[in-house]
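Let's take a walk through this model together. Have the sequence and the 3D view side by side as you read.

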Amino acid sequence: MSRTENDTWDLASSVGATATAVAASRATASQGPDALLNDPWADPLVRAVGIDTFIKLLDGELQRADDPLLNRQAMNEQITVRTRFFDDFFIQATGSGIGQAVILASGLDTRAYRLPWPAGTVVYEIDQPQVIEFKTRTLAGLGAEPAARRRTVAIDLRDDWPAALRAAGFDAGRPTAWSAEGLLVYLPPEAQDRLFDNIAALSAPGSRIATEHMDLRNIPSDWAQKLTERSRRLGSTINLAELFYTGDRNSAAEYLGARGWRVDIQTTERAYAEHGFQLPDDDLASFGDASGYLTATLA
Ligand SMILES: C[S@@+](CC[C@H](N)C(=O)[O-])C[C@H]1O[C@@H](n2cnc3c(N)ncnc32)[C@H](O)[C@@H]1O
């Protein structure tokens, strides 16, 4: 089903299922003696959502051996590079004295529970109401304890989330570390610009942001379709091509750069190399300078 202006979802449907998909990747990358990640809550969260394909993935019952990008090892390395990038971002930002973090589109991300946050750090998680409610309830049922002062903001990011964030206690007078992981392509182009405008308006000097770098003007227009077809062959029922907004949009790097943020881009290739992995030999693995990871700091 394609997107509409006010669409909603839980973790088993529409955009919500993509949060379960990435959590399933974190869960498989956390398995075994040579695990690349340590996200102990990803597995039980994915099982609690109950989507058959992802449970089979966790149990090693899905065959993905012949796809250079979607085989188990390649998927584990991809999610490891991504997860460590955002983990390191928060560890460095809060280590340098930023006491407030906002995880936009938090999905089944468990950073509030598993990162070594300095004492007193407040971590806000924003996502759609059913997503927030499910994760909070399931983790509480599993006995998981937040490792920071976790505050949830259950709202659509196309609505007035800044007001909801302030109502939850957010202090715009203090520097903030923001993340938008796996979010931007799910927002229409103008909603992405508005998101950054809102972030800027709420950011005291010294605030930082981390997100994926995707310059869609320099990425082949059929990439989402190709990715959908490839993942379908491997059992996925998620139609990314329908869930993404793939048309032209401002790149986050240019948009933030023009508004006083000092932007740093790490290409996908460099991010893989930094973690000792080799980029898969596949035209969807990376788009050269047009894909990677972005951090920006407000002077
Ligand atoms: C691919 S998942 C990423 C989740 C999480 N950041 C991670 O990397 O595990 C996309 C997430 O974006 C959230 N999302 C997308 N559009 C949203 C919107 N308009 N309002 C609130 N949440 C949204 C979804 O609910 C989902 O949790």
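Predicted model: local features only at pLDDT ≥ 70, side-chain atom pairs only at ≥ 80, totals over all residues.

Residues are numbered from 1 along each chain as its sequence is written, and side-chain values use heavy atoms, with hydrogens and water left out.

Find strand 4, residues 177-180 (strands are DSSP runs of E, at least two residues, and helices runs of H or I, at least four, numbered from the N terminus). Ala 177 and Ser 179 point one way, Trp 178 and Ala 180 the other, and all are buried, meaning under 20% relative accessible area with a 1.4 Å probe, protein chains only. In a regular strand, side chains alternate between the two faces of the sheet.

Strand 4 pairs in parallel with strand 1 (residues 100-104) over four bridges; pairing takes at least two DSSP bridges. Here Ala 177 is the bridge partner of Ala 101. Strand 4 also runs parallel to strand 5 (residues 208-214), again with four bridges, and Trp 178 partners Ile 209.

Now for the ligand. One of its nitrogen atoms sits 2.7 Å from a polar backbone atom of Ala 105. An oxygen of the ligand is 2.6 Å from a side-chain N or O atom of Asp 127, and a ligand nitrogen is 2.9 Å from one in the side chain of Asp 156. Helix 1 (residues 14-29) gives the largest share of the shell around the ligand, five residues.

Notes
Buried < 20%, exposed > 50% of the residue type's maximum accessible area, 1.4 Å probe, protein only. Polar contact = N/O pair within 3.5 Å; in protein donor to acceptor, adjacent residues only side chain to side chain.
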